[in-house]
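Me: I would like to learn how to read a fold from its strands, its helix and its core. Could you take me through one example, step by step?

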Amino acid sequence: MRRQTELGGSSAGSSCTARLDPLALPVRFTANDAVADERMRHIELHPERVILRRAVQGMRIALNVPVQAFRGVSIRLTEESGETPAGVAVFLEHLDPALSIELYSAENSDDVVAEWQLWSRVLGVPMLIKGEDGVLREPYPHLGAVRVKAPSPRRRRRASLHRRRPKFLVRRRMGVVREQPLVHSGEREIIARN
């Protein structure tokens, strides 16, 4: 049995805007599409693939795109258009801008960073941010799937204690070395026998 969720209405909580839940994938929703006939496209978002359905000039098109084909999850500033106020949005970015998908939008930027990180982690794609030159790039350097950063400085030992012997060595007693070893020779051995 497949679980599918329809996006619509108000989300749970105090917010009045609809929100996609990255932890409840797969999810189905509709989005605006300027090229499509009805100006709408239907999107199915799964953890491993995205299915885009739309009709262009009367011909129905369904694209099945793996999530790994997307560049990553980015943050964008959105402009005011019609009824929608300006704000901040999280997008699943593709090389073809027509295939990019808006995952989250808000008027203020309170929860945007948390949504950005959550979508990136759930979908397994890198986080992206637009640089000053307009090119999308990763905000943190990576080596494969591991984030790279400068090593942390070593802890300094306290000056008054640095010459002290470690605690476990203090507990051990040093053995006594005699000048002449104790040797028992020429004595009668006692053995208990029945």
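Me: In what order do the five strands of the open sheet lie, and what kind of pairing do they have?

Reply: Please keep in mind that this is a predicted model. As a general idea, strands of a sheet pair through backbone hydrogen bonds, either parallel or antiparallel. In this structure the five strands of the open sheet follow the order 8-7-6-9-10, and the pairing is mixed. Strand 8 (101–106) and strand 10 (136–137) are the edges, and each has a single partner strand, so one side of each is left without a neighbour in the sheet.

Me: How many bridges join strand 6 and strand 7, and in which sense do they pair?

Reply: Strand 6, residues 72–78, and strand 7, residues 87–93, are antiparallel and share seven bridges, with Ile 75 standing opposite Val 90 of strand 7. As for side chains, the charged end of Arg 76 sits over the ring of Phe 91, at 3.8 Å from its centre, while the structure has zero aromatic pairs.

Me: Which residue in the hairpin of strand 4 and strand 5 takes a positive phi?

Reply: That residue is Gln 57, with a phi near 55°, in a hairpin that has two residues between its strands. Strand 4 (residues 49–56) and strand 5 (residues 59–66) run antiparallel and are joined by eight bridges, and Val 50 stands opposite Val 65 in strand 5.

Me: Which residues touch the most other members of the largest nonpolar core?

Reply: In soluble globular proteins, nonpolar side chains tend to be buried together. Here the largest nonpolar core has 28 residues, and those that touch the most other members are Leu 45, Val 50, Val 90, Leu 92, Ile 101, Leu 103 and Trp 119. At least two residues of this core come from each of strand 2 (27–32), strand 3 (40–45), strand 4, strand 6, strand 7, strand 8 and helix 1 (112–123). Setting aside neighbours within four places in sequence, Leu 103 is in contact with Leu 20, Leu 45, Val 90, Phe 91, Leu 92 and Trp 119.

Me: Which residues of helix 1 are buried, and what covers them?

Reply: The buried residues are Val 112, Glu 115, Trp 116, Leu 118, Trp 119, Ser 120 and Leu 123, and what covers them includes strand 3, strand 6, strand 7, strand 8 and strand 9 (127–130). The length of helix 1 can be checked as well: at 1.5 Å a residue, its 12 residues should span 16 Å, which agrees with end C-alpha atoms that are 16 Å apart. After helix 1 comes Gly 124, which has a positive phi near 75°.

Notes:
Residues numbered from 1 in each chain as written. Predicted model: local features only at pLDDT ≥ 70, side-chain atom pairs only at ≥ 80, totals over all residues. Heavy atoms only, no water. Pairing = 2+ DSSP bridges. Helix = DSSP H or I, 4+ residues; strand = E, 2+ residues; numbered from the N terminus. Phe/Tyr/Trp six-rings, centres within 6.5 Å; stacked < 30°, edge-to-face > 60°. Lys NZ or Arg CZ within 6 Å of the ring centre and 35° of its normal. Core = buried A, V, L, I, M, F, W, Y, C linked by side-chain atoms within 4.5 Å. Buried < 20%, exposed > 50% of the residue type's maximum accessible area, 1.4 Å probe, protein only. Contact = heavy atoms within 4.5 Å. Expected span 1.5 Å × (residues − 1).
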